[in-house]
Amino acid sequence: MLAVAASIGGHIIGWADDWEVSGAADPMTRPKLGPWLRDERGPYDGLVAAAELRAIQRRNRDTMVRTRAAGRPKGKSSYGFQYVRVVMGGKIDHIALHPHASAVIREVARRVLADPERVTPVALCGLCGNRLYPQTSADVPPRYVCTARNKGWLSAQHCRPAPLIWAEKLDAYVEGWFLREFGDGLIYETVFDPGNGIPERIAEVRAMRERLRADCEAGLYDAADDAAWFRERYGTLSSELASLEREPQRAPGMIRRPTGETVADRWRNAPDVQARKEILMDYRVRVTLFPVSHPVRHVAGVMHGPDRDPDAAR
């Protein structure tokens, strides 16, 4: 910096030493440089300074380039991925999906995307139609309550009194009602059925008989021993064809079949609350909650499942 000042015929009248301050800090607020920029140190013609932040950034970029070229990781791989080395102890060759972590993060994404309500209750406010949210505090049990009016939402300006219910009570009611209505229902799955292979075998046997006939007409079985083999072979194929045609045929295709599991089994085997919420969403269960003072005392949800009439209401 002294050489730069001398090259333009100037000299240093003061120093601003901010080496301990981040290069990304605002120059106006730096403890030593800031007063000069705010004209608190008297007049001066100009500043001579090192390109501190740009030098740091350049060093960081150069270090990253060298690290990547050498196959050395700068840090841990992102969750769901892993570094792959072709040779044990060698440099990193590429990045691949981690067999376990990638499955976990995909399951998380699936469950988040399957819940457009962002994992909120299955309950709606009967007064304003907005979604109820859980509230917790140290002195009272968890409860579901409509907070839309308190948030100033125009759609809830007349939502008074806002409905509120203990979470345990509502969860127990929904679970009991759901299992009474759907618990005994069988769960079906759609799978590919390869069939019993009989139609394909019939076509194959018929084609084999046609080839034998063509060979016989071409004179390939004129010899005595060949003629005997032809009659035996043709007779065997004819007997098999007659037997196959008596069997029931099942062509390949997609079929629905029971899994042997009921809705109640699936509910009880659900690993957590979110999995049970997904079951309720599959059956389009919605609960509308009214305050006690409202004339409506009970409103049943409209719901249907895979084996229910979508237009059936309860």
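Trainee: Where is Pro 161 found?
Mentor: First, some naming: helices (H or I, at least four residues) and strands (E, at least two) are DSSP runs, numbered from the N terminus. Residues count from 1 along each chain as its sequence is written, and side-chain values use heavy atoms, with hydrogens and water left out. What you see is a predicted model: local features need pLDDT of at least 70, side-chain atom pairs count only at pLDDT 80 or more, and totals for chains, interfaces and linings use all residues. With that settled, Pro 161 is in the loop between E5 and E6.

Trainee: Which kind of peptide bond joins Arg 160 and Pro 161?
Mentor: Most peptide bonds are trans. For the bond between Arg 160 and Pro 161, omega is about -5 degrees, and the bond is cis.

Trainee: How many helices and strands are there in the chain?
Mentor: The chain has 314 residues, of which 26% count as buried (under 20% relative accessible area; exposed is over 50%, partly exposed in between; 1.4 Å probe, protein chains only). Its DSSP runs come to 9 helices and 9 strands.

Trainee: What is the strand order in the open sheet of 3 strands?
Mentor: Two strands pair if DSSP finds at least two bridges between them. E4 and E5 (residues 143-145) have 3 bridges in the antiparallel sense. At the edges sit E4 (133-135) and E6 (164-166), each pairing on one side only. Pairing in this sheet is antiparallel, and its order is E4-E5-E6.

Trainee: How many degrees are neighbouring strands of this sheet turned against each other on average?
Mentor: Axes here are lines fitted to C-alpha atoms, for helices over the stretch in contact, and angles run from 0 to 180 degrees between N-to-C directions. For this sheet average, though, direction is ignored, and the turn is 30 degrees.

Trainee: And at about what angle does helix H5 run to E6?
Mentor: H5 covers residues 167-182 and lies across E5 and E6. Its angle to E6 is about 80 degrees.

Trainee: Which charged end sits over the ring of Tyr 133?
Mentor: Tyr 133 has Val 145 as its bridge partner in E5. A charge sits over a ring if NZ of Lys or CZ of Arg is within 6 Å of the ring centre and within 35 degrees of the ring normal. Over Tyr 133, 4.8 Å from the ring centre, the charged end belongs to Lys 151.

Trainee: Which residues do ring pairs link into a cluster?
Mentor: Rings of Phe, Tyr and Trp (its six-membered ring) pair if their centres lie within 6.5 Å; planes under 30 degrees apart are stacked, over 60 edge-to-face, and the rest tilted. That rule gives 9 aromatic pairs. The cluster links Trp 177, Phe 178, Phe 182, Trp 267 and Tyr 283.

Trainee: What is the phi of Asp 39?
Mentor: Most residues other than glycine have a negative phi. Asp 39 lies in the loop between helix H2 (33-37) and helix H3 (52-69), and is exposed at 60% relative accessibility. Not being a glycine, Asp 39 still has a positive phi of about 60 degrees.

Trainee: Where does Arg 284 lie?
Mentor: Arg 284 is another residue other than glycine with a positive phi, near 55 degrees. Look in the loop between helix H9 (273-282) and E9.

Trainee: Is Val 292 buried or exposed?
Mentor: Val 292 sits in the segment after strand E9 (287-289). Because its relative accessible area is 74%, Val 292 counts as exposed.

Trainee: How far apart in space are Ala 203 and Leu 241, C-alpha to C-alpha?
Mentor: Ala 203 is in helix H6 (residues 198-217) and counts as partly exposed at 46% relative accessibility. Along the sequence, Ala 203 and Leu 241 are 38 residues apart; in space the separation is 9.2 Å.

Trainee: Where in the chain is confidence highest?
Mentor: Confidence means pLDDT, the predictor's score for each residue from 0 to 100, and the chain averages 81. Over residues 116-121 pLDDT stays under 50, and the model has 16 contacts (heavy atoms within 4.5 Å) for them beyond four places in sequence. The lowest mean, 73, belongs to helix H1 (residues 2-7), and the highest, 94, to helix H8 (residues 263-268).
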